[in-house]
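Trainee: Please take one part of this structure and go through it closely. I would like to start from a single residue and then see what lies around it.

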Amino acid sequence: MRALARIAAPRNGRLVRITALIAAAPCPSALNPHIPVASESKRWNSSNSRWKLRQGSDFYARQAKVQGLKSRAAFKLLEMDSKYKLFKRGQTVIDLGYAPGSWSQVALERTKPNGRVVGIDIIPAQPPRGVSTIQGNFLSPSVQQLVKDYLIEFAQRKSPVVPEVEPSEEGETVITERPSYIDTERAESVKSGHEEDLENDGRLVDVVLSDMSAPWIQTTRYSSNTLSNPYFRMMNTSGMSFRDHAGSMDLCLAALQFASDTLKAGGHFVCKFYQGAEDKDLELKLKKMFAKVHREKPDSSRSESREAYFVALRRKGDATL
């Protein structure tokens, strides 16, 4: 034990001297004011820890992870669908601001087996399986036209041909592509429905969902634009209630204009907004286009958040924005 103490003593003393020298050295930030101080990273770490703590203790966040959902926002749409019956089998659904994809997951599940879900978002994200997505700024007229062209092109596609096997005169098996009677009848009914939709100003959408929020604009590292580090970041709120409210009104009006161009008669419209002085005007516009308009604050929405949802049901056939 004494030998071990003699060997360890100089090392401990050296460590003490090195520590003393480091403590006595001047702070680099005092010599150069442009060097960032450590308090900034500490503040970020504390904020990140609070977010992780809140997510870990949140019931809906845990349930989303258990059920394989992209985020807890899926439960908001599930609540509204359970109350208002938004989805049916075989519907076409447009999900505006789909990232990370939880609403698209719900829409795809509720419209199976022949439903079609198209998501649009400026943020690069991995779409759920079975969901078609377009990355781009929805406020751009060219992106909106791209979505409309995609819907028309999809509606004009022919149904797949089912091959049949017939014996030839020489006894060899020949595969001919002839559809069955059931497939022919089904294709004619789908074709007639699509032709009727195309004649009705190209309105091909049954449900338009908008969970859009204005993204934070990146100010550094412009060369980075990947799924894990995108150029545009998702946001919740900016901390300024009027800014959040005004931004949400602009996005809701853009989504409503798109719904006016593409939504079928009898279709539904759901949009997120932050409550404020201008939401009454938006509600009046919705009531002109839809038979019923409801304000919703789902139980899964956090009580401290000012977000709410307009659920507009059964679009009037001759009503436009």
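Mentor: Ser300 is buried, with a relative accessible area of 0%. Buried here stands for a relative accessible area under 20%, so the value of 0% places Ser300 in that class. Keep in mind that this is a predicted model.

In the chain, Ser300 belongs to the loop that links strand 10 and strand 11. Once its neighbours within four places in sequence are set aside, Ser300 is in contact with Tyr60, Arg72, Phe75, Lys76 and Glu79. With Glu79 there is also a polar contact between the two side chains, at 2.9 Å.

Seven strands make up an open sheet, and their order is 3-2-1-6-9-11-10 with mixed pairing. Strand 3 (132-135) and strand 10 (290-296) are the edge strands; each has a single partner strand, so one side of each has no neighbour in the sheet. On average, neighbouring strands of this sheet are turned by 15 degrees against each other, direction ignored.

Strand 11 (residues 307-315) pairs with strand 9 in the antiparallel sense, over six bridges. Two positions show how they line up. Phe269 stands opposite Ala312 of strand 11, and Phe273 has Ala308 of strand 11 as its bridge partner.

Strand 9 also pairs with strand 6 (residues 205-210), this time in the parallel sense and over five bridges.

How buried is strand 9 (residues 263-274)? Nine of its 12 residues are buried, so strand 9 is largely enclosed by the rest of the structure.

Helix 9 (residues 241-262) lies across strand 1 (92-96), strand 6, strand 9, strand 10 and strand 11. The direction of helix 9 is at about 170 degrees to strand 9. Helix 10 (residues 279-289) lies across strand 9, strand 10 and strand 11, and runs at about 150 degrees to strand 10.

Notes:
Residues are numbered from 1 along each chain as its sequence is written. This is a predicted model: local features need pLDDT of at least 70, side-chain atom pairs count only at pLDDT 80 or more; totals for chains, interfaces and linings use all residues. Side-chain values use heavy atoms; hydrogens and water are left out. Buried means under 20% relative accessible area, exposed over 50%, partly exposed in between (1.4 Å probe, protein chains only). Helices (H or I, at least four residues) and strands (E, at least two) are DSSP runs, numbered from the N terminus. Two strands pair if DSSP finds at least two bridges between them. Axes are lines fitted to C-alpha atoms, for helices over the stretch in contact, and angles run from 0 to 180 degrees between N-to-C directions. Contact means heavy atoms within 4.5 Å. A polar contact is a pair of N or O atoms within 3.5 Å; within protein, one must be able to donate a hydrogen and the other to accept it, and residues adjacent in sequence count only if both atoms are side-chain atoms.
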